[in-house]
Amino acid sequence: MSLTEENYLKAIFFISGMEGNLVNTNAIAERLDTKAATVTDMLRKLKQKELIHYQPYKGSRLSEEGQVLAIRILRKHRLWETFLVDKLGFGWEEVHEIAEQLEHVRSQKLTERLSQYLGNPQFDPHGDPIPDERGIFPMRENLTLDKASAGEQVLVKGVKDSSPDFLSYVAKLGIRLGDEMKVIHIEPFDSSVLVSHQGEEFRLSAMACSNIYISRI
């Protein structure tokens, strides 16, 4: 299977979710930054390989085999991100593009050795769940900081927006996965949140808070 085909399977998986909803061609084109006609050609090829179910003008979704492969690629991607941050000292805003290249390494033995070396992590540096070797995802409570109340102590569990811009913004504030924060005050006018983090107080916008996953302590 080509790298491009693997990228298409992963894109369809991300858009359709675990439910396997039908994905339209334009959504795939937007995610992969390519033309709809190019997507249509690739979908026909993937259908011939029985990796997707595809109906012109209706949409596509992964076949059982296609989903297994997509989850396997995602597992490798998130393990490599974890390795780059935990073992090589990369910032969490730096690793996505590098992991995009490393995820195409074919050796399953290497993938499982990597997982064992990292202690079989359940979540990557952004807090995204890492499927295990059977393709099963660990559960995560999708509670975001904007849902917390004043006075609550919370633990940073991940980010919803993993774009380099947002990750750089959060990194500049010194916020990392596993950090504790206390919600000091919520501004009624704009819903911005004053937090205490490692001895410092600063305010986060409502948009920023809606993109930070937490758990209550």
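Please keep in mind that the model is predicted.

**Around F83**

- With a relative accessible area of 19%, F83 counts as buried, because the cut-off for buried is under 20%.
- Setting aside neighbours within four places in sequence, F83 touches L88, L114, Y117 and L118.
- F83 and D124 are 41 residues apart along the chain, and 9.0 Å separates their C-alpha atoms.

**Helices packing on α3**

- Two packed helices are described by the distance between their axes and the angle between them.
- Helix α1 covers residues 3-16 and helix α3 covers residues 36-48; their axes come within 11 Å and cross at roughly 95°.
- On the α1 side, the contact is formed by T4, E5, Y8, L9 and I12, and on the α3 side by T38, V39, M42, L43 and L46.
- Sorted by class, the contact of α1 with α3 contains seven nonpolar residues, two polar ones and one charged one.
- Helix α2, residues 25-32, also meets α3: the two axes come within 9 Å and cross at roughly 110°.
- That angle makes α2 roughly perpendicular to α3 as well.
- Here α2 contributes T25, N26, I28 and A29, while α3 contributes A36, V39, T40 and L43.
- The contact of α2 with α3 has five nonpolar and three polar residues, with no charged residues.
- V39 and L43 of α3 take part in the contact with α1, and V39 and L43 are also listed in the contact with α2.

- Strand β1 (residues 52-55) and strand β2 (residues 59-62) run antiparallel and are joined by four bridges.
- Across this pair, H53 stands opposite R61 in β2.
- Three residues lie between the two strands of the hairpin, and Y57 takes a positive phi near 70°.

**The six-stranded sheet**

- Six strands make up an open sheet in the order β3-β8-β4-β5-β6-β7, and their pairing is antiparallel.
- β3 (143-144) and β7 are the edge strands, each pairing on one side only.
- Five bridges link β6 and β7, which pair in the antiparallel sense.
- V193 stands opposite L204 in β7.
- In a regular strand, side chains alternate between the two faces of the sheet.

**Nonpolar cores**

- The largest nonpolar core holds 22 residues, and those with the most contacts inside it are L145, I175, M181, V195, L204, I212 and I214.
- At least two residues of this core come from each of β4 (153-159), α7 (164-172), β5 (180-186), β6 (193-197), β7 (200-204), α8 (206-209) and β8 (212-216).
- α7 gives the largest share of this core, with four residues.
- Which residues does M181 touch, not counting those up to four places away in sequence? They are L145, E152, Q153, V154, V156, I175, V195, S196 and H197.
- A second, separate core has 19 residues, including I28, M42, L43 and L46.
- Among these, M42, L43 and L46 also belong to the α3 side of the contact with α1, and I28 belongs to the α2 side of the contact with α3.

Terms used. Residues numbered from 1 in each chain as written. Predicted model: local features only at pLDDT ≥ 70, side-chain atom pairs only at ≥ 80, totals over all residues. Heavy atoms only, no water. Core = buried A, V, L, I, M, F, W, Y, C linked by side-chain atoms within 4.5 Å. Buried < 20%, exposed > 50% of the residue type's maximum accessible area, 1.4 Å probe, protein only. Contact = heavy atoms within 4.5 Å. Axes fitted to C-alpha atoms, helices over the stretch in contact; angles between N-to-C directions. Nonpolar A, V, L, I, M, F, W, Y, C, P; charged D, E, K, R; others polar. Pairing = 2+ DSSP bridges. Parallel < 35°, antiparallel > 145°, perpendicular 65-115°, else oblique.
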